[in-house]
Amino acid sequence: MRKNLTQLLIFLFPTIFFMEMVGVVLDLDTWVGKMELSCISMALSDWYASHGHYKTRVITKIRDSQRDVVGAAAAALDLLQNEEVEAIIGPGSSMQANFMIGLGSKARVPIISFSATSPSLSSLQSQYFVRATLNDSAQVPAIKAIVQAFGWREVVLICVDNEYGNGVIPSLTSALQEVDTHVTYRSAIHPSATDDQIVKELYKLMTMSTRVFIVHMFTPLGSRLFTKANEVGMMEEGYVWILTDGMTDFLSTLDPSAIDSMQGVLGVKPHVPRTKELDSVKIRWKKKFQEEYPINEISELNIFGLRAYDAASALAIAVEKLSVGNFSFQKTNISRDSISLESIRVSPIGPNILHSLLSTQFRGLTGHFQIVDGQLHSSAFQIVNVIGEGERGVGFWTQENGIVRRPNSTSKVNLRAITWPGESTSVPKGWVLPTNGKKLKIGVPVKEGFSEFVKVMRDPITNTTKVTGYCIAIFDAVMATLPYAVPYEYVPFETPDGNAAGNYDELISQVYFQKYDAVVGDTTILANRSLYVDFTLPYTESGVSMMVPIIDNRSKSAWVFLKPLTWDLWVTSACFFVFIGFVIWTLEHRINEDFRGPRSHQVGTIFSFSFSTLVFAQRERIVSNLARFVVIIWFFVVLILTQSYTASLTSMLTVQQLKPTITDINELISTGQRVGYQNGSFILAFLERMKFHESNLVIYNSLEQLDELFSKGSQKGGIAAAFDEIPYMKLFLAKYCSKYTVVQPTYKFDGFGFVFPKHSPLVSDVSMQILNVTEGDQMAKIEQAWFGQNSSCPGLNSSLSSDSIGVDSFWGLFLIAGVASSAALIIRMATFLYENTDTFVQLDPPASVWRKIKALATLFDNKDLSSHTFRKSEMGDRSGTNGMDAATASPATNYPPSPSSLSVQTESNFAFSRDQATPASEYGDPMSPNGQTPPEIAFGIELANSKQELKVPEVVHVNN
């Protein structure tokens, strides 16, 4: 029949194809349902009016769900079976959509909902469910950002007890945990709860410490909740209320009394950009709605009406994109009165409509319309503040930029000024102490020794307990600086007979089991303890070290004078003394008579000059500028070296040299020596991890007992070392600093902290005040009051002995001296070679390198007569001066001629470089029996001729 009707319409109106029927299921007896239906009708009318060329039309078949899940399911079944619709718009709630989604999947008909926002519907994983609105979880990041921005650590969730209210709980709880915010309580209020039931639940919330409430429910129940909250005093200063979009979208529809009871409330809702089209639709819709429902007082178009408008427009676009040839049916002979599930028609067009709808994109009234993963693409959220007669925008949240003042802004600025409940402008801290009038029960440890930290005293007459100590004094000082009063009392962790009821782990576990509200004492912050309690910031130094006895190690050895310097420094210094002496001899030998003479005398001069500089007692005069430069630098090095040696030796002979008996923990383990630890401390587990045998672990309870165990020693039932935390060691060393010391390394731990339950809001405030106390003068006064002051004792990190001085302390000085000396030596030798270049050029080519080196040494050994330090003597006749050494003619010589200066060892074949007659043919040599000059003498003549300083040959006597 329907196929025949379609063919008839095509024949009569060939330019228009009226497509399949579309069902609409809404709660038509509510003003919201009427508004949504009016928007759907208006959207189709507006769309086809502006797109007259479209060949398809969507015809709606409307059913009333009657505010009931069963009614919604029956309406959907009727539309699918009897009206043969190809898509259904609706229903109005998440509960109604749950069953309808299954019908749509069976019939392959898209169920398009613009108001079913529960995240639990996504778990059905039906491809035929299209959520043309935002998932409730989409607003969770915006709420999380608000909570994080104001630093609230605890919140309470107040939800309606149905599918809508429960759906957002998991995602909201997980998101808040990401910013370290704990959901302390979840209040579920039934949709039909009475006012008395609501008031009872509110009084229950008032007894809790949390003052941040997140409300997720619709307006009928939500408006009653805030009215009662205002009556019981929960809208006063200090409270925080945050609304989800379920109520924020309907704030404009609430009566003035409800708005008046919600002053200071924050809310989030999807941001709808204002456009001319939107304003036009709102005006036309309002006129149309008032004409259709003149007696309805509510005439404001909200987000669900806008979503309905966009959903209908999207369906019209999707239908137009389909091909006309797809209109056929698998079943056309079903009775219109049948509503059997087995007889549901399977739509052949439904999958095509679904595919077309999922690919549809356009600019709608609420912004960009696009279906992603079966639901509307998320957009920005607006943050509003209820003030006066309505709401005022204070900011926005976007996925890209978080909280901003304007939706298109990228600057990270604060929200606009917010008026909180009670007309307060100060940000509430989000929690208060419980209003049940009880004091906080603070557990304290009971211990025999180390009473300076915690001491529990009992008055036998009044049977009262008094708790004092260093830890107690700090806690009292911290709590006194809080900006609010916190009543508390100390409760010793003890058995009926007054003994300790357990170790520190057992004491801390009482906070987890809610027996104590906190624990104060010398409780160390440990990772395994932080799994079930929260610690404040530490208020003491952190770390665990080993403490051992010390002995006076002042040496009585006769060789103690060698100990100030290490052997490598001794050797280095000796080498430099010799090197400097050699450099000075090299620079002074040719021009200074003090550095000339027999070879043994010159060697002695090198050593005597260099080592006499150690006491600045050298007698040799220095005439060379290069030598003076080297000596000045060397004097500076010697001065520093001798002063350091003197200071170190004085310290070794006069200052007490305290040495620890043991310096390595591995030595204790390998030798099986006994070690001590404080009773009840976590140090036991630490020593077991360090592989100490249980039989070698000894417990101590007090300072005196620890000193006694040290005095006995490991072999006599005592201990060789003790492991404890730094605060205990400082207390012990303050009393016994002359007998014991701390040995490195220090094993890192976090020090003492106060214990509170997990996610306690007191932790952050107490930690802040700990910083204020420890950074001020009050901390020093508390330490002085309980630990006293012993300035004669060294600190834990002070050195107990003077180590020998090594090369590392002087390598810079040696480097300077070495570079200066080497530079002077190179300059002197380069100058010498340059001045005597002609001499070596004139040598015969056959001369070997070795003979040239020997000639160079011979020449260097002679005096430099051109130096200003020698006065030249007048040269006589050749016969009078023949055979005399120029050196012997100098009246300044105080020594006999040096044998080295008179001897040149050469070979008989050493020849001249020029063809000359033998000097013997011109000058006779009295030392030559055959009247000819030997090659040795000829070499001396050649040297004299090369310089052209003598008119007669210079005879050099050779000692064979």
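Me: Which elements have the lowest and highest confidence?
Reply: Confidence is lowest in helix 30 (residues 919–922), where the mean is 36, and highest in strand 9 (residues 240–243), which reaches 96.

Me: And which stretches are below 50?
Reply: Residues 1–7 are below 50, and that stretch has six contacts in the model beyond near neighbours in sequence. Residues 872–960 are also below 50, and there the model has 104 such contacts. Where pLDDT is low, the predicted coordinates should not be read in detail.

Me: New topic: what order do the strands of the open sheet come in?
Reply: The open sheet has eight strands in the order 7-6-8-9-10-14-15-16, and their pairing is mixed. At the edges are strand 7 (182–189) and strand 16 (402–404), each of which pairs on one side only. On average, neighbouring strands of this sheet are turned by 25 degrees against each other, ignoring direction.

Me: Do strands 6 and 8 pair in the parallel or the antiparallel sense?
Reply: Strand 6 (residues 154–160) and strand 8 (residues 212–216) pair in the parallel sense, over four bridges.

Me: Which residue is the bridge partner of V156 in strand 8?
Reply: The partner of V156 there is F213.

Me: What about helix 7, where does it lie?
Reply: Helix 7 (residues 169–178) lies across strand 6, strand 7 and strand 8, and runs at about 170 degrees to strand 6.

Definitions and conventions: Residues numbered from 1 in each chain as written. Predicted model: local features only at pLDDT ≥ 70, side-chain atom pairs only at ≥ 80, totals over all residues. Heavy atoms only, no water. Pairing = 2+ DSSP bridges. Helix = DSSP H or I, 4+ residues; strand = E, 2+ residues; numbered from the N terminus. Axes fitted to C-alpha atoms, helices over the stretch in contact; angles between N-to-C directions. Contact = heavy atoms within 4.5 Å. pLDDT = per-residue confidence, 0-100.
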